[in-house]
Amino acid sequence: MREDTRTLVFAAGTCLVVSLLLSVTAAALKPAQVANEKLDVKKNIIKAFGIDISDKAEWTPEKIEETFATFIADASSDDLLVYTWTDEGAEAPSKYAFPISGKGLWGDIYGYLALQDDLETIAGISFYKHVETPGLGAEIEKPWFQNDFKGKKLYEDNGTPTEFRVVKPGAEKDESAVDGISGATLTGKGVQAFIRKDAATYAEYFKSLKEDD
């Protein structure tokens, strides 16, 4: 066999072996990846309910699973995904969370937004998946940005969505506006747009809950 032929055969064999090893490894890790993704979603739903889970030593995977099972229930209706938080010893939920998602600067952003039991006021928000720029748009996952949403009005008294806004940092804000991120205007506009979109999608659901009270 010629030298160049042996080289090609060796390279092809090496590629085949490496491909098989990568395929086997990917298949073996898939269940763990799926489990981690589900745990991350649960963690961010808990976070959206306004619970501080920043202490990683305290908030182990076991505690996240236990908290989710104890306090959170699936209250989805039709095609609308909704989770409720019920305080210990209480009979009725005190908070309601629903998924939010939409375009940022570089791609889709996913998160959860929770309302207080008045079904108008934001209890918390979390973002768990995005490809925004580190140090700029990626600041959406930082507490300083997310904490500004707490106490803001997402719905009027009659259940109509407010004109929720992400404004320039330092600009005048009302009860339905939060500070944006310096250098990340398009990310802020994206967040504003999909929060308004998803608030409109869930408006009738929350309005019907208020009417049932």
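## Starting at valine 131

Let's begin in a loop: valine 131 sits between strand E5 (122–129) and helix H3 (143–146). Is this residue buried or exposed? Valine 131 is exposed, with a relative accessible area of 51%. Keep in mind that everything here comes from a predicted model.

Together with Leu105, Trp106 and Leu186, Val131 makes up a nonpolar patch on the surface. The accessible area of these residues together is about 430 Å².

## The overall picture

Now step back to the whole chain. Four helices and seven strands make up the secondary structure of the protein. Going along the sequence, their order is α-α-β-β-β-β-β-α-β-β-α. The radius of gyration is 22 Å, well over the 17 Å that the globule rule gives for 213 residues, so the protein is more spread out than a compact globule. Along its principal axes, the C-alpha trace spans about 85 × 40 × 35 Å.

How much of the chain is tucked away? Of the 213 residues, 37% count as buried. The protein exposes about 12,300 Å², and carbon and sulfur atoms supply 56% of that area. As for contacts between residues with a separation of 6 or more, 49% of them involve residues 24 or more positions apart.

## The annotated stretch

There is a label from a database to go with part of the chain. An unreviewed UniProt entry carries the annotation "domain: FMN-binding" for residues 104–202. In the model, this span is 22% helix and 23% strand.

## Two residues with positive phi

Two loop residues have backbone angles to look at. Aspartate 78 is found between strand E1 (72–74) and strand E2 (83–85). Its phi is near 55 degrees, a positive value in a residue other than glycine. Aspartate 78 is exposed, with a relative accessible area of 80%.

Leucine 119 also has a positive phi, about 60 degrees, although it is not a glycine. This one belongs to the loop between strand E4 (108–116) and E5. Is leucine 119 buried or exposed? With a relative accessible area of 4%, leucine 119 is buried.

## Salt bridges

Side chains of opposite charge can pair when their charged atoms come close. How many salt bridges does the count come to? The count is 13 salt bridges. One of them joins the side chains of glutamate 120 and lysine 153, at 2.5 Å from N to O. This pair links distant parts of the chain, 33 residues apart: glutamate 120 is in the loop between E4 and E5, while lysine 153 is in the loop between H3 and strand E6 (165–167). Both ends are covered up: glutamate 120 counts as buried at 8% relative accessibility, and lysine 153 is buried with a relative accessible area of 14%. The pair is also part of a network of salt bridges that links Glu120, Lys153, Asp157 and Lys210.

Arginine 196 and glutamate 163 form another salt bridge through their side chains, at 3.2 Å from N to O. Arginine 196 lies in helix H4 (residues 185–212) and glutamate 163 in the loop between H3 and E6, so the pair ties together parts that are 33 residues apart in sequence. Arginine 196 is partly exposed at 30% relative accessible area, whereas glutamate 163 counts as exposed at 55%. A further salt bridge brings together the side chains of lysine 142 and glutamate 139, at 3.1 Å from N to O. Here lysine 142 is partly exposed, with a relative accessible area of 34%, but glutamate 139 is buried, at 15%.

## A look around threonine 67

The last stop is helix H2 (residues 61–71), which is where threonine 67 is placed. Threonine 67 is buried, with a relative accessible area of 8%. Which residues is threonine 67 in contact with, leaving aside its neighbours within four places in sequence? They are Ile46, Trp59, Ile72 and Trp85.

Note on methods: Residues are numbered from 1 along each chain as its sequence is written. This is a predicted model: local features need pLDDT of at least 70, side-chain atom pairs count only at pLDDT 80 or more; totals for chains, interfaces and linings use all residues. Side-chain values use heavy atoms; hydrogens and water are left out. UniProt positions are given in the numbering used here, feature names are shortened, and annotations may be inferred rather than shown by experiment. Patches are made of residues with over 30% relative accessible area and no salt bridge: like charges are joined within 9 Å, nonpolar side chains (Val, Leu, Ile, Met, Phe, Trp, Tyr) within 5 Å. Accessible areas come from the Shrake-Rupley method with a 1.4 Å probe; for residues, only the protein chains shown count as cover. A salt bridge is a side-chain nitrogen of Lys or Arg within 4 Å of a carboxyl oxygen of Asp or Glu. Buried means under 20% relative accessible area, exposed over 50%, partly exposed in between (1.4 Å probe, protein chains only). The radius of gyration is taken over C-alpha atoms; the globule rule is 2.2 Å times the number of residues to the power 0.38. Contact means heavy atoms within 4.5 Å.
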